[in-house]
Amino acid sequence: MRVANTDRVKAASTLFRLLGAGIVAGILIAFIALPAVGSAGLTARDAANNFEDMDSQLKTTPPSEKTVVYDSDGKQIATFFDKYRESVRLDQVAPIMRQSIIDIEDSRFYEHGALDLKGTIRALASNVESEQTQGGSTLTQQYVKNLLVDAAKTPEEYKEATAPTVGRKLRELRYALDIEKRMTKDQILEGYLNISYFGAGAYGVQAAAKRYFSVPASELTLGQAALLSGITQNPTAFDPIRNPKDARKRRDVVLYRMAQLGHISKAQADQEARKPIELNRTDPVGGCETSSVPYFCEYVKYDLLNILSDGKYWQLEAKEQQNVVNKLNRGGYTIRTTLDMQDQRAVDRTLRSTVPPGGNRVAAEAMVEPGTGKVRAIGLSKRFGPGKGKTTINLPADSRHGGGNGVSAGSTFKIFTLAAAIDQGIPVSTTINSPQTTTVGGFQPCKYTGMYQGKKVEDATLGGGTWTLSNAGDSEAGNFNLKTGTWHSVNTFYAHLEKRVGVCNAVKMAEKFGMKRGNGNPLLPLPSQVLGVNDIDMVHLAAAYAGFAARGKYCAPVSVTEVVDPEGKHVKLPKQDCHQALDVDVADKVNSILQGVLSKGTAAGRGIGRPAAGKTGTCEAHTCAVFAGFTPNLAAATAYWDFRGPWQYKVYGVFGAGIPGGIWQQSMRSALAGEPAPGFRTPTRDFGDTARVPQVKGTTVAAATAKLQGADLQARVAPGSVRSNQPKGTVVSTSPAAGSQVPPGTTVILYVSNGKGRGRGGGDGGPGDGWPPWGGD
């Protein structure tokens, strides 16, 4: 009974299939012969009636291509893709690969048009006799389907392109008819080979050849070609990495099909079929996580997204932003960048040899070329990526380049108040008494538009009032001028200087050099801005210092120099902001003062064996430490902090000249090795750069020497001693005398008491005051 029932079921099934096959074949023939006439049901009739009215022009974008990024020397540093594809010409595909794909997919490809009636009917008949279905689509129809699938941007579009409906098949056929008119067979084959999915993330024959065998498509052998040709029918089932047994069986099917068609011999098929699958994989790498320069790559990525959206990326909705990301991943662009690998290696090696990559404390550095704004290197001590001990936040950069809000600038921000003071004509020799702690009142408020205390404010009045502050542990108290106050990074001196300059003017000077907060908002015009309370990023700080190195010419940081689409057309890049932010002589004077920071100031000993200038920065309450410095041909900024939160986790005992200064020193030496060592220009104008000899009478030689050095003067003790009733060893007088205006660096002679009684005169010493003042010993 069971056998009889089974036979009846099979017979009914076969009959049903035969009827269905006849109907479908009739429909297809009718579409070609009489497109306006059809039968076999209401759906088929309606489809047939509408066939001629269908849009015949296939309007899709070119197949997605990977975007490749290069450094300034033309070496590849990153790729972006969501479909790993690398298109090639047909003549760049091995002939055996072309033959094998035709033999297994559409052996009559060069003989029929868009529809192969003979092949379709054969496939239908075969499907009647077997539970295993055989495709009847021509290679051209498959090409159309792949184009539609590749062009799908949403799940709905993908579902429509793959739906098992008569309507989809008709649409594909209509497009295929048009393609067969407009394209040659070789062009269609080339397109098919480039768009087909070969499993394991490889789209197109070139990507597949490299993915599985690490060879170009032009070098594929018979066995390799047969394996690849077999994959396209079901890329998941025949993936040779995950399903090697099934992939081998499918390869052998291809081999014997080729032998059946007479394109290889039976012996060749047997020989290849005996061989196991041998892969030599190259796993596709894409995105910044797999780049050797991930933080620079992240910076470039966001610049590209902005370029590809005509500068509007951050104004777009999330869905529109994703479209721009897709454009980058699929557009096949060639990107040239400003990256200098020598500089980048210098940064990476120094950072990771100084700060443990797996720790919570991090060091970030960026290098920028003066006069061009070209970002030469961006690095972080921590490894890039998800997981413990790594980060996916581009901490050296601002929020619009994948970073956070930045870190405090510390006293590196004093450079802008110094520049504003000199630009206003305040003499460099201006001396201000600067105690350990001071209170400065009368600051004028400024107009501000942006985020303040979590709220958006517009044209608000901000700042002003009174400010009480103290010097940091790495500076001093006393009388200082613009030189010495900068060299020793005296906070109280700069508070008084900022009062004279005006907070608004100091902030405007910083903004001329491109400074803004790391979150993209304008600088807060608070009196404490001179000490760097605005959180900033290292790329923009390095670019600002590069502006001083370029004698006041500021150029906004730029990472991309060229974008070329797959057709060789150049994508328009945004115009770079490059302007003279400061008079060249004023900039030269600022540079000459900052050179002293490295030779006699807070960063003494951090020289790099060539003319250089810089400024230390110790952040409020030891939340971070920063150093920024430059030569005429390279600028760099370095920060050190705890990335979990600088206010919660402080870096006590670390000053700007410490870890950050050491990183700057070592990385700059390495980056500039073998490069020219130009000097800075000497200012041609007089900026009131004279020193006043301080009163040191009655002090010890050591104290007098220190005070003179603080005034940018040298000290030398006169031979012998002076008869004086002052305590022995104390200073009786100086030459030049106290109060004299002298050039910076002048040597002041100290006359020291012998403690044996009053000598002739008794004044402070000098001509007309009982000169010479010594009389004994």
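Axes are lines fitted to C-alpha atoms, for helices over the stretch in contact, and angles run from 0 to 180 degrees between N-to-C directions. Helices (H or I, at least four residues) and strands (E, at least two) are DSSP runs, numbered from the N terminus. The model is a prediction in which local features need pLDDT of at least 70 and side-chain atom pairs count only at pLDDT 80 or more, while totals for chains, interfaces and linings use all residues. Residues are numbered from 1 along each chain as its sequence is written, and side-chain values use heavy atoms, with hydrogens and water left out.

The three strands form an open sheet of order 25-28-26 with mixed pairing, where two strands pair if DSSP finds at least two bridges between them. Strand 25 (714-717) and strand 26 (731-735) are the edge strands, each pairing on one side only. On average, neighbouring strands of this sheet are turned by 30 degrees against each other, direction ignored. Strands 26 and 28 run antiparallel and are joined by four bridges; Val731 has Val752 in strand 28 as its bridge partner.

The loop between strand 27 (741-742) and strand 28 (747-752) contains Pro743. Pro743 is exposed, at 54% relative accessibility; buried means under 20% relative accessible area, exposed over 50%, and partly exposed in between (1.4 Å probe, protein chains only). The C-alpha atoms of Pro743 and Thr690 are 4.8 Å apart, although the two residues are separated by 53 residues in sequence.

Helix 19 (residues 503-512) has Val503, Ala506, Val507, Met509 and Ala510 as its buried residues. Viewed down the helix axis, these buried residues fall within an arc of 155 degrees, so they line one face of helix 19; the arc is that of the directions from the helix axis to the C-beta atoms. An α-helix has 3.6 residues a turn, so residues three or four places apart point the same way. The cover over the buried residues of helix 19 includes helix 16 (414-423), strand 12 (437-443), strand 13 (446-452) and helix 18 (491-501). Gly514, with a positive phi near 80 degrees, follows helix 19.

Four disulfides (pairs of cysteine sulfur atoms within 2.5 Å) are found in a search of the whole structure. With the bonded cysteines of the protein chain numbered in sequence order, the pairing is 1-2, 3-4, 5-6, 7-8. Cys446 is buried, with a relative accessible area of 7%, whereas Cys504 is partly exposed at 22%.

Another disulfide joins Cys288 to Cys297, S to S 2.1 Å. The link of Cys288 and Cys297 is left-handed, with -75 degrees about the S-S bond, and both cysteines are buried. In the disulfide of Cys619 and Cys624, the sulfur atoms are 1.8 Å apart. The torsion about the S-S bond of Cys619 and Cys624 is about -85 degrees, so this disulfide is left-handed. Cys619 and Cys624 are both buried.

Key. Contact means heavy atoms within 4.5 Å.
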